[in-house]
Amino acid sequence: MSKIKTPQAIRGTQDIFGPDAEAFAFVVETFERVRKLYRFRRVEMPVFEKTEVFSRAIGETTDVVSKEMYSFEDRGGESLTLRPEFTAGIARAFLTNGWQQHAPLKVATHGPLFRYERPQKGRYRQFHQIDAEILGAGEPQADVELLAMADQLLKELGIEGVTLHLNTLGDGDSREAWRAALIDYFSAVRGELSEDSQERLEKNPLRILDSKDPRDRKFVGDAPKIDAFLSDDARAFFDAVTSGLDAAGVKWARAEGLVRGLDYYRHTAFEFIPDEGSAAAAALGSQSTILGGGRYDGLMESLGGAPTPAVGWAAGIERLAMLVGDKSEALADAVVVVEDDACMASAIATLGKLRAAGLTGELVASGSPRKRFDKAVKSGAKAIVALSLRDGEENRRIKADEADQARIEALLG
RNA sequence: GCGAUCGUAGCUCAGUUGGUUAGAGCGCCGGUUUGUGGUACCGGAGGUCGGGGGUUCGAGACCCCUCGAUCGCCCCA
């Protein structure tokens, strides 16, 4: 016998099975239900795009683009990339398909995304998100509706101990002024910052605000606040969002340090984060954000489109699935036991009738005939239909509670 | 990319300062018992101890390399 070495799974991919797969499905099914309540339209998107869709939309200097993309050349020599997020692809579709005609357009989707990262708890190279976007809507009402949907989704998933952290990054001018002030402020104490933050000062100064390093934390408190740089319009926008959330009954907390990693965000930025010390926080390990997003009014232009305001969010299905509790696989309504192989054909027909009537069920017809009934009992099935031979005649016995017994007997005749 | 911990049957794990033919439970397969029944007992299959090299009379245990997993940093959902 030659020994063939079994190829192993790619690092950071998952084979989701059993209760974990049930929890995953529960998240997706709940999302599908809730998104219909809010009248978001379903879209199916390609898993890969031209590389420039992401590099232009997300920003060349971001980690996602500069070191986490799965890019490759196709046979025509074109650089393609497995999507690291949904938003860029959806924006591309909005432009190339003329979806402007449907604006404001509310869409929802879900599926796999790919990022070349070191796997750890709640982080994978192929991971899955649910995603919701409102395209072509510049009014704060859109932000409110989107957040209300996220809030309801988490409630319907039964997730508790999670709070909406909300911030504004202002419009383009506000954001730039704030950014410049932060650079001034942190540059003055540059030498006392962590190595990482000294680097952030060059690449992404906003990120220093949510550094975990104590050397940085002591300066963060007194750092310039976005509020001081907001234009009147930007302030009015944020006020409209927060009062809308209050009206919708969505609880939120102002998070002045909350920024987003990607370049395209403007105005509203938000994350749903487990409260410290909660069961949810413990279940997630160091990955705290379960749902995040914001407004990205500048994105369409970076893809060559007309200025188009939009808001969206995405949530990691794996992370949500870790918070929804045990979702064990359902027990069978009925199991048909073939206690004598002579009854096989009859058993198959019997099972067919049960399933046609909407009962879930399966066959137990392997292994020692004497142990098959025990196997069925052990499976926990609500009803057991056992077929055996008695004096050369087929004998059917049903073990179930009275109601099921009567129902099944009526079905089988 | 960096760091820490860990890789022994299908699964969960034992395996004493390195010492004969590597074990248990569960699961699986078969048999006996029971006989309208989730019982008990017996037996069986299944491991080049992640892989490679080294130290040693002798390595699952020690050293090096490598692969993988887990958790954390960075970043992010």
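User: How do β10 and β11 pair, and over how many bridges?
Analyst: In this predicted model, strand β10, residues 291–295, runs antiparallel to β11, and five bridges join the two. Within that pairing, Gly294 is the residue opposite Gly312 of β11.

User: And what about β6 and β11, in which sense do they pair?
Analyst: That pairing is also antiparallel, with seven bridges between β6 and β11. Ala132 is found opposite Trp313 of β11.

User: Is β11 mostly covered or mostly open?
Analyst: β11 is mostly covered, since seven of its seven residues are buried.

User: Which residues lie on each side of β11?
Analyst: One side carries Ala310, Gly312, Ala314 and Gly316, and the other carries Val311, Trp313 and Ala315. Both faces are covered, and every residue named here is buried.

User: Changing topic: which elements supply the surface near RNA strand B?
Analyst: At least two residues each come from β6 (126–135), α7 (195–203), β11 (310–316) and α14 (369–379).

User: Which element gives the most?
Analyst: α14 does, with seven residues on the surface near RNA strand B.

User: What is the make-up of that surface by class?
Analyst: There are 22 charged, twelve polar and six nonpolar residues.

User: Which residues come nearest to the RNA?
Analyst: Out of 40 residues around RNA strand B, the nearest are Arg115, Arg123, Arg200, Arg390 and Arg397.

User: What share of the RNA atoms within 4 Å of the protein belongs to sugar or phosphate?
Analyst: Sugar or phosphate accounts for 51% of those atoms of RNA strand B, and bases make up the rest.

User: Which base atoms do Gln120 and Lys371 approach?
Analyst: Gln120 has a polar side-chain atom 3.4 Å from a base nitrogen of RNA strand B. For Lys371, a polar side-chain atom lies 3.2 Å from a base oxygen.

User: And Asp63, what does its side chain lie 3.5 Å from?
Analyst: A polar side-chain atom of Asp63 is at that distance, 3.5 Å, from a sugar or linking oxygen of RNA strand B.

User: Last topic: how is chain A divided into domains?
Analyst: Domain 1 covers 19–171 + 231–321, and domain 2 covers 334–412.

User: What separates their centres?
Analyst: Taken over C-alpha atoms, the centres of domain 1 and domain 2 are 49 Å apart.

Technical notes. Residues numbered from 1 in each chain as written. Chains lettered and ligands numbered in written order. Predicted model: local features only at pLDDT ≥ 70, side-chain atom pairs only at ≥ 80, totals over all residues. Heavy atoms only, no water. Domains from an automatic or database assignment. Near = heavy atom within 4 Å. Polar contact = N/O pair within 3.5 Å; in protein donor to acceptor, adjacent residues only side chain to side chain. Helix = DSSP H or I, 4+ residues; strand = E, 2+ residues; numbered from the N terminus. Nonpolar A, V, L, I, M, F, W, Y, C, P; charged D, E, K, R; others polar. Buried < 20%, exposed > 50% of the residue type's maximum accessible area, 1.4 Å probe, protein only. Pairing = 2+ DSSP bridges.
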